[in-house]
Every structure is written in structure tokens, then in C-alpha cells.
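I have a new structure open and want to get my bearings. These are my notes, in the order I looked things up.

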Amino acid sequence: VGFCYYIVTSAPEFDKQQMFEKEVTRIFDSNNNLIATLGTEQREKITYDEIPEVLVDAIIATEDSRFFQHNGFDAPRFLKASIQQVLGRGGGGASTLTMQVVKNVFTDKDLDSGLAGIIRKFEDIYLAMFKVEKNYTKQEIIEFYVNNHFLGGMIYGVEEASQAYFGKSASELNLSEAAIIAGMFRSPNYYRPNVNPANATKRRNTVLYLMERHGYITKEERAAAAAIPVESLTVPVNANANPYQGYIDTIAAELQEKYGV
């Protein structure tokens with residue numbers, strides 16, 4: 001009882017306004033055309049209606065297969081991960097999508113071991129169950145998840161990742177591309193498709209296997225998506241280099257000098 005009381009009183013308050021506090025700065029020309037975005041976290045928000053179903057299916061199948069059934073805490077999955085950790089087989093996979101949303105923004109994700117790690121995990125559970133799931137729909141939680149997650153480099157959110165890696169909006173992703181992005185949530189830089197295509201290919205195929213296993217795609221769809229070379233889907237790392245970079249650097253310097261930002 002004392003431990004539960006401590007968790008409730010020590011857990012940070014859930015404030016929706018903190019979810020997207022670091023969005024990009026946008027620079028427009030005299031014709032109101034966007035010519036550049038600046039910021040240490042490149043992020044372009046996307047609504048649930050703009051997320052393709054194939055990406056939602058890929059994320060659910062890979063990260064939290066019972067997402068639409070639980071209340072923010074998946075007890076059987078948590079128990080399995082805990083037993084594996086005790087047996088020295090790794091304890092990953094215990095967090096639901098809702099708990100990951102909490103961890104990404106409100107609790108200290110670096111606390112993964114010892115008593116501090118246990119306290120943080122239970123704070124995640126408390127906030128996920130009683131602050132997030134009770135106040136937001138499953139669709140809104142998915143929207144939080146896909147927008148606030150780090151996805152390699154300085155990229156945050158699936159829309160910015162889709163533009164950076166495939167040169168298209170997230171709403172236009174095909175099955176193979178959606179599986180690549182869904183696979184990046186585990187280790188974004190390791191699975192960056194335009195930097196580590198071999199790693200991305202292996203992870204994509206795992207995601208496709210899970211999608212078939214959970215009934216989201218057929219065996220034929222899985223085979224067709226897995227046959228596409230990752231290199232043929234991605235745009236080069238420097239494909240989005242801005243021709244106005246010198247001008248942009250001048251603007252940034254002026255903003256820093258004049259406004260201290």
C-alpha cells in the first residue's frame with residue numbers, strides 16, 4: 001500500500017501540452033512557400049485520420065498486439081517479460097504503446113535497472129492506466145505515439161520519417177515501407193533504411209511475419225512486400241539538401257542574436 005501511495009504521489013502530472021512542445025521552425029519565402037524547417041527535433045504532426053491503416057496494423061502487430069483490448073497495462077505480457085528478466089533472458093517487451101507514450105515524454109527513460117527502474121516502470125503503468133487511457137481514446141493514443149517517437153537522426157514522428165526516408169507523406173506508405181518504419185521504433189538509428197539497409201531489411205521481414213501471424217496480411221502479401229529491396233524504396237541521405245542553406249544559416253544567426261532563441 002505504501003509503495004502504491006508513493007507511486008501515485010511521485011509520478012509526474014500528465015499534461016497533453018507537453019506532448020509536442022518541440023516542433024520545427026518553418027521558414028517561408030515571399031510567396032508563402034515553405035523552403036526550410038529548423039530544429040533539433042524535426043517533427044511534423046499527423047492526425048489519426050492521416051495515418052494509413054497498414055502502418056497502424058504494422059505498429060500494433062509489432063509493438064502491442066493486444067492494444068485495443070487492454071486498459072494501458074497488459075498483465076500477461078508484463079508477467080512474461082518479468083520472468084524472462086529474472087531468468088536472465090532479457091526483459092524487454094513489457095511496455096504497452098500507452099506506457100511507451102508516457103515514457104517518451106514524462107518519466108525518465110534512462111532509468112531501466114535497480115529500484116529506480118522498478119519505480120519508473122510502475123509510474124509508467126499508473127500514468128498509462130489512470131491518466132492516459134481514462135482520458136483519451138485508443139485512436140488519440142496512437143496519434144500521440146506516432147508523433148512523439150524518435151525515429152533516427154534528428155527525426156521525430158512518422159510523417160517526418162516518411163518524408164526523410166521515402167520522400168513521401170506517411171499517408172502514401174505501402175506495406176513494405178510501413179513495415180520498415182514500424183520496425184524502427186525498437187532501435188531507430190540501427191534500423192535507419194537509408195543508412196543501414198541490411199538491418200532494416202531484416203527488421204522489416206520480422207514485422208511482416210508478425211503482421212501475418214496476427215492476421216493483418218496474407219502469406220502472399222508478406223512475400224510480395226519482403227521481396228522489395230529496401231534500397232529501391234529509400235531516397236539518398238542528402239536528397240533533401242537545401243539550395244538556400246547559406247541564406248537559412250543567416251536567418252538562424254539573426255534570430256539567435258535578436259531574440260536569443
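**Entry 1: a spot on the surface.** I started with Leu115, which is found in helix H5. Helices here are DSSP runs of H or I with at least four residues, strands are runs of E with at least two, and both are numbered from the N terminus. Leu115 is exposed, with a relative accessible area of 60%. My cut-offs: buried is under 20% relative accessible area, exposed is over 50%, and partly exposed lies in between (1.4 Å probe, protein chains only).

A note on what I'm looking at: this is a predicted model, where local features need pLDDT of at least 70 and side-chain atom pairs count only at pLDDT 80 or more, while totals for chains, interfaces and linings use all residues. Residues are numbered from 1 along each chain as its sequence is written, and side-chain values use heavy atoms, with hydrogens and water left out.

Areas come from the Shrake-Rupley method with a 1.4 Å probe, and for residues only the protein chains shown count as cover.

**Entry 2: the whole protein.** I stepped back and found eleven helices and four strands. Of the 261 residues, 44% count as buried. The accessible surface comes to about 14,100 Å², and 51% of that belongs to carbon and sulfur atoms. I also checked contacts (heavy atoms within 4.5 Å). Of those with a separation of 6 or more, 64% are between residues 24 or more positions apart.

**Entry 3: salt bridges.** Side chains of opposite charge can pair when their charged atoms come close. My rule was a side-chain nitrogen of Lys or Arg within 4 Å of a carboxyl oxygen of Asp or Glu. The count comes to six salt bridges.

- Arg77 pairs with Asp64, with the closest N and O atoms 3.6 Å apart. The pair links distant parts of the chain, 13 residues apart: Arg77 sits in helix H3 (residues 75-86), and Asp64 in the loop between helix H2 (53-63) and H3. Arg77 is buried at 19% relative accessible area, and Asp64 is buried at 0%.
- Arg66 meets Asp74 at 3.0 Å, N to O. Arg66 is partly exposed at 38%, whereas Asp74 is buried at 4%.
- Glu133 and Lys138 have their closest N and O atoms 3.1 Å apart. Both Glu133 and Lys138 are buried.

**Entry 4: helix H9.** H9 (residues 197-213) has 17 residues and reaches 24 Å from its first C-alpha to its last, close to the expected 24 Å. That expected span is 1.5 Å times one less than the number of residues.

Which residues of H9 are buried? I listed Asn199, Ala200, Arg203, Arg204, Val207, Leu208, Leu210 and Met211. They cover an arc of only 165 degrees around the axis, so they lie on the same side of H9. The arc is taken from the directions from the helix axis to the C-beta atoms. The buried residues of H9 pack against H2, helix H8 (175-184) and helix H10 (219-226). On the other side of H9, Ala198, Lys202 and Arg213 are exposed.

Last, I checked what follows H9: Gly215 does, and its phi is positive, near 85 degrees.
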